[in-house]
Amino acid sequence: MGEHINIRGKLPSLNDYIAACRTSPHVGNKMKREHEEMIMFQLGRMKRIDRPVKVRFIWHEKNKRRDKDNVAFAKKFIFDAMQRAGKLVNDNNDYIIGFSDDFIYGVDYGVAIIIEEVQHEDLHR
């Protein structure tokens, strides 16, 4: 497969999402829905994932202020948006075999997503 998708913009961190949910469940839900819609719009012509894949996220951050684990939380919004857009059958263990996170600093916010189809023999490792 080897698909490459770029999502531009600053996605919420886990801390941002927790703060929104503490304000009100409706505020947290609105944040999630709005960001998923923004992601869905940027998925463009992404091919539908209906086989096991590994996903590499390359997070772009302007600076090092946000902790890596808080930034990478946004993969939840990304996977959910892919499902809502019909680009991913499911984000369970049958389809997402694994993922990795890398970070680049000093650039505009966004995330590059590299999707690699997993070969049958790799499923048993």
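**Figure 1. Surroundings of leucine 43.** Leaving out residues up to four places away in sequence, leucine 43 touches Ile5, Ile7, Ala81, Met82, Ala85 and Lys87, where contact means heavy atoms within 4.5 Å. Leucine 43 belongs to helix H2 (residues 25-43); helices (H or I, at least four residues) and strands (E, at least two) are DSSP runs, numbered from the N terminus. With a relative accessibility of 3%, leucine 43 counts as buried. Buried means under 20% relative accessible area, exposed over 50%, and partly exposed in between (1.4 Å probe, protein chains only). The model is predicted: local features need pLDDT of at least 70, side-chain atom pairs count only at pLDDT 80 or more, and totals for chains, interfaces and linings use all residues. Residues are numbered from 1 along each chain as its sequence is written, and side-chain values use heavy atoms, with hydrogens and water left out.

**Figure 2. Surroundings of glutamate 61.** Glutamate 61 is part of strand E2 (residues 53-61). The relative accessible area of glutamate 61 is 2%, and the residue is buried. Apart from neighbours within four places in sequence, glutamate 61 is in contact with Arg66, Val71, Ile104, Tyr105, Gly106, Val107 and Tyr109.

**Figure 3. The aromatic pair of phenylalanine 73 and phenylalanine 77.** The whole structure contains 8 aromatic pairs. Rings of Phe, Tyr and Trp (its six-membered ring) pair if their centres lie within 6.5 Å; planes under 30 degrees apart count as stacked, over 60 as edge-to-face and the rest as tilted. Phenylalanine 73 and phenylalanine 77 form an edge-to-face pair, at 5.5 Å centre to centre and with 70° between the planes. Both phenylalanine 73 and phenylalanine 77 are buried.

**Figure 4. The aromatic pair of phenylalanine 79 and phenylalanine 99.** The ring centres of phenylalanine 79 and phenylalanine 99 are 6.3 Å apart and their planes stand at 55°, so this pair is tilted. Because phenylalanine 79 lies in helix H4 (residues 75-84) and phenylalanine 99 in strand E3 (residues 96-105), the pair ties together parts that are 20 residues apart in sequence. Phenylalanine 79 is buried, at a relative accessible area of 6%, whereas phenylalanine 99 is partly exposed, at 45% relative accessibility. Phe79 and Phe99 form one aromatic cluster with Phe57 and Trp59.

**Figure 5. Lysine 68 over phenylalanine 103.** Lysine 68 lies over the face of phenylalanine 103, at 5.5 Å from the ring centre. A charge sits over a ring if NZ of Lys or CZ of Arg is within 6 Å of the ring centre and within 35 degrees of the ring normal.
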